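Subject: A structure for you to look at

Hello,

Here is the structure I promised to pass on.

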Amino acid sequence: MVKTCTEIMEKEDHEVVLAVSHAGACLQFLTEWQDPIEELRKGFTNCCIFKYEYEDEKFKLVEVIRHNI
């Protein structure tokens, strides 16, 4: 996921991208960029939306939108 999402973001005119996945893959992606413990404590399901910023080939979690937790 990291390689593919990075390749997508490095393309021209890809400032806003939607990627859809399940909670397990989202957790693994988050783990690449930060310690996920804080977000795990808050809880997340397959309906959560992880919003990232991308700069210098790195993703930074901006917010997690949680539905029905």
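Contact here means heavy atoms within 4.5 Å. This is a predicted model, in which local features need pLDDT of at least 70 and side-chain atom pairs count only at pLDDT 80 or more, while totals for chains, interfaces and linings use all residues. Residues are numbered from 1 along each chain as its sequence is written, and side-chain values use heavy atoms, with hydrogens and water left out.

Let's start with the fold. You will find three helices and two strands, and they follow the pattern α-α-α-β-β along the sequence. Helices (H or I, at least four residues) and strands (E, at least two) are DSSP runs, numbered from the N terminus. The radius of gyration is 12 Å, close to the 11 Å that the globule rule gives for 69 residues, so the chain is as compact as a globular protein of that length. That radius is taken over C-alpha atoms, and the rule is 2.2 Å times the number of residues to the power 0.38.

Next, the inside. Buried residues make up 28% of the 69 residues; buried means under 20% relative accessible area, exposed over 50% and partly exposed in between (1.4 Å probe, protein chains only). In helix 2, the buried residues are A23, A25, C26, L27, F29 and L30. Their cover includes helix 1, helix 3 (37-42), strand 1 and strand 2.

T6, placed in helix 1, counts as buried because its relative accessibility is 15%. Which residues does T6 contact, leaving aside its neighbours within four places in sequence? They are Y54 and F59.

Finally, have a look at the largest pocket, with a volume of about 680 Å³. On a 1 Å grid over the protein atoms alone, a pocket is an open set of points where a 1.4 Å probe fits, with protein on both sides within 12 Å along at least five of seven lines; lining residues have an atom within 4 Å of a point. Points are joined across faces, edges and corners, and the volume is the space filled by probe spheres set on them. The lining has 23 residues, of which V17, L18, A19, F50 and Y52 lie nearest the centre. Helix 1 (2-9), helix 2 (23-33), strand 1 (49-55) and strand 2 (58-65) each give two or more residues to this lining. Strand 1 supplies the largest share, six residues.

Enjoy exploring!
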